[in-house]
Amino acid sequence: MAGPERFTRFETLDVRFPTSRHLDGSDAMNPDPDYSAAYLVLGTDDPRSPEGHGFAFTIGRGNDVQVAAIKALAGHVLGRDVEEVLGDMGATWRSFADDSQLRWLGPEKGVMHMAVSAVVNALWDLKAKRAGLPLWDLLSRMSPEELVALVDFRYLTDALTPEDALELLRAAVPGRARRRAELLREGYPAYTTTPGWLGYSDEKLVRLAREAVAQGFRQIKLKVGADVDDDVRRMRLARAAVGPDVRIAVDANQRWDVGPAVEWIRALAPHDPWWVEEPTSPDDVLGHAAIRRAVAPVKIATGEHAHNRVVFKQLLQAGSLDVVQIDAARVAGVNENVAILLLAAKFGVPVCPHAGGVGLCELVQHLSMFDFVALTGTTEDRVVEHVDHLHEHFVDPVRLSRGNYLAPTAPGYSAEIRRESLLRHVFPGGAEWAGVPVAVPSPAGPHAEEVAR
Ligand SMILES: [Mg+2]
């Protein structure tokens, strides 16, 4: 082949799963979710190279906008030298985040930042496949200096400097091999949200909660926030079903103002919630801090909708949370999540990633495993969320055993959806959607009115 290998393929797909048909994924703010992936496939002009796969997770119509945002980044990849792009992922990350025209849409937040995550994660998938390693292992074999070079420390240095980060990472180097072996043997702790969707009946909640414990989960999570009496009843039923020793987290999905959050959490407190997640607006750093002070010792968790590393810095500085919840595809991909893991480590706050959705479990397990092997070196009070749907569509789906995620061994970031699943769920032309009425929001109210296509 003449000249360097170059990127020649930047294929976007609008992929949607009709999860609203069974209320899977229903919560206080999302009564009718159709879990969706704004999906990206990267390829090069070398036919021997694997593909890089990445995506942003959205819900239904959000995918219209998200796919367009990913397409806007194609010019940053197509035609570029593959080795140059993958060889300095720190510089590559900054080249996306610093696009002066697209940056105006954020900066570093929302749809455009999620689009950057899809591209960055696809590049990491490709880099790990070409290295022949699962992503967690690739990251865990990088030197502290290489890892620090991935991070954009802009706006962080009042809380975390490159020197701080190096110190944290160097301290973990001696135990890496032992922890890698332990991870491969034992896996990484998980918890399950499967029993707790808001649309489920009491009977289904109790049955699924019991099943979760029988499967070995030591923590479950319930969605709350629609009706306080319902929530107290469901919490009581769940507690009776799982016993006193299994942790029950609750998730309000941003439902409350600060005052009502405090009252609602106090009503649930007698049933011993392990943490309360997203009690209020994800942007309200000081509101979270006020709630946390008022309901202590109940723990506050948040972060799945935090825009970027700067918001995480503030949440940590303000004492707003007890649990940091990273999301693999909301902030700008692997690089920014390494920054957030470093911040959490500096502040000594455990990270319990958000997952579920489409493929978020597949991705984020790698980040927690990297954290265990090469950064904090512990799994104490750390769990990765697990939801048991849509995994069958992935080439390398998550594997669980006795309530633990087993470490992926296939090269890559576990991001790849099977080609037949992609084509079947492409919206609106895929077979899964053919002939299905398109739900359009009614101006008269929140309920969808159906129109035939
Ligand atoms: Mg949540």
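**Entry: the domains**

I began by noting that this is a predicted model, and I then looked up how the chain is divided. The domain assignment gives domain 1 as 7-151 + 419-451 and domain 2 as 165-405. I took the C-alpha centres of the two domains and found them 22 Å apart. For the contact between them, I noted 42 residues of domain 1 touching 45 residues of domain 2. On the domain 1 side, at least two residues each come from strand 2, strand 3 (52-59), helix 3 (89-97), helix 4, helix 5 (135-141) and helix 6 (144-148). The largest share of that side, 9 residues, is supplied by helix 4.

**Entry: the nonpolar core**

Which residues touch the most other members of the largest nonpolar core? I found that this core has 137 residues, and that Phe55, Ile70, Ala115, Ala118, Val119, Leu123 and Leu342 are the ones with the most contacts to other members. Helix 4 (residues 110-131) gives the largest share of the core, 12 residues. I also recorded that the core lies between domain 1 and domain 2, because both of them contribute residues to it. For leucine 342 I listed the contacts, leaving out residues up to four places away in sequence, and these are Val151, Leu160, Ala165 and Leu168.

I checked the UniProt record, an unreviewed entry, which annotates residues 202-298 as "domain: Mandelate racemase/muconate lactonizing enzyme C-terminal". Over these residues I noted 53% helix and 15% strand, with the end C-alpha atoms 24 Å apart.

In helix 11 (residues 258-268), I found Ala261, Trp264, Ile265 and Leu268 to be buried. Looking down the axis of helix 11, I saw that these buried residues line one face, because they fall within an arc of 100 degrees. The face of helix 11 turned away from that buried side carries Glu263 and Arg266, which are exposed. The cover over the buried residues of helix 11 includes helix 10 (228-242), strand 6 (247-251), strand 7 (273-277) and helix 12 (285-295).

I then asked which residues of helix 12 are buried. They are Val285, His288, Ile291, Arg292 and Val295. These residues span an arc of 130 degrees when seen down the axis of helix 12, so they too line one face of the helix. Leu286 and Arg293 are exposed on the other side of helix 12. I recorded helix 11, strand 8 (299-302) and helix 13 (309-317) as the elements against which the buried residues of helix 12 pack.

Is glycine 110 buried or partly exposed? Glycine 110 lies in helix 4, and it counts as partly exposed because it has 15 C-beta neighbours inside 10 Å, where being buried would take 20 or more. Apart from neighbours within four places in sequence, glycine 110 is in contact with Leu105 and His307.

Glycine 430 is in the loop between helix 16 (419-425) and strand 13 (438-441). I noted 17 other C-beta atoms within 10 Å of glycine 430, so this residue is partly exposed. With neighbours within four places in sequence left aside, the contacts of glycine 430 are Leu423, Arg424 and His425. Last, I looked up the C-alpha separation between glycine 430 and arginine 170, which is 49 Å for residues 260 apart along the chain.

Conventions: Residues are numbered from 1 along each chain as its sequence is written. This is a predicted model: local features need pLDDT of at least 70, side-chain atom pairs count only at pLDDT 80 or more; totals for chains, interfaces and linings use all residues. A nonpolar core is a set of buried Ala, Val, Leu, Ile, Met, Phe, Trp, Tyr and Cys residues joined through C-beta atoms within 7 Å. A residue is buried if 20 or more other C-beta atoms lie within 10 Å of its own, exposed if 12 or fewer, and partly exposed in between; C-beta atoms are placed from the backbone. Helices (H or I, at least four residues) and strands (E, at least two) are DSSP runs, numbered from the N terminus. Domain bounds come from an automatic or database domain assignment. Two residues are in contact if their C-beta atoms, placed from the backbone, lie within 7 Å. The arc is that of the directions from the helix axis to the C-beta atoms. UniProt positions are given in the numbering used here, feature names are shortened, and annotations may be inferred rather than shown by experiment.
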